[in-house]
Amino acid sequence: MNSSLFSSYYESVISKVDWTEALLIFVLGIGTVFAILVVLWAILAAMKVVFSKSESETKSAPIAQPKASAPVKAEKKMSTPKSVATAPPESEDELVAIFTAAISAAADSTTLRVKSYKKL
């Protein structure tokens, strides 16, 4: 293949292009894309309003916060335990309470309700 054949072809094509028309097509194409994006955004916003739960349905009883106790005086000699033995939870309710407390502490949330869990 001769490279001069290709270069002469592209030069002839570029010289025939109307750049104002090309710019107009480009702007119309980009404008169409953004207009469709705005329409999709509006549809999603409307779906959020229609399908969101009302405030009364999402409210649950707030978790009671423990009252602050008097500060404990530190002893001069602090000993750390070598090992901590943990007993398995005795009931399912106790296990749910442990999960709820752990998730609430990690999320810094005051209202939390665990609906279900699965053992792995």
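Entry 1: I started with the accessible surface of the protein, which comes to about 11800 Å². Carbon and sulfur atoms account for 66% of that surface. I kept in mind that this is a predicted model. Next I looked up burial. The protein has 120 residues, and 2% of them count as buried.

**Entry 2: confidence.** The mean pLDDT of the protein is 76. I noted that 63% of its residues reach 70 or more. Then I went element by element. Helix α2 (residues 19-51) has the highest mean pLDDT, 95. Helix α3 (residues 55-58) has the lowest, 59.

**Entry 3: the elements.** I listed the secondary structure and found four helices and zero strands. Read from the N terminus, the order is α-α-α-α.

**Entry 4: a look at α4.** I picked helix α4, residues 92-107, which has 16 residues. From its first C-alpha to its last, α4 reaches 22 Å. That is close to the 22 Å expected at 1.5 Å a residue.

Which residues of α4 are buried? I found Leu95, Thr100 and Ser104. They lie on the same side of α4, because they cover an arc of only 160 degrees around the axis. I wrote down the rule behind such patterns: an α-helix has 3.6 residues a turn, so residues three or four places apart point the same way.

I then turned to the other side of α4, where Ala105 and Ala106 are exposed.

Definitions and conventions. Residues numbered from 1 in each chain as written. Predicted model: local features only at pLDDT ≥ 70, side-chain atom pairs only at ≥ 80, totals over all residues. Heavy atoms only, no water. pLDDT = per-residue confidence, 0-100. Helix = DSSP H or I, 4+ residues; strand = E, 2+ residues; numbered from the N terminus. Buried < 20%, exposed > 50% of the residue type's maximum accessible area, 1.4 Å probe, protein only. Areas by Shrake-Rupley, 256 points an atom, 1.4 Å probe, with all protein chains shown as cover. Expected span 1.5 Å × (residues − 1). Arc of directions from axis to C-beta.
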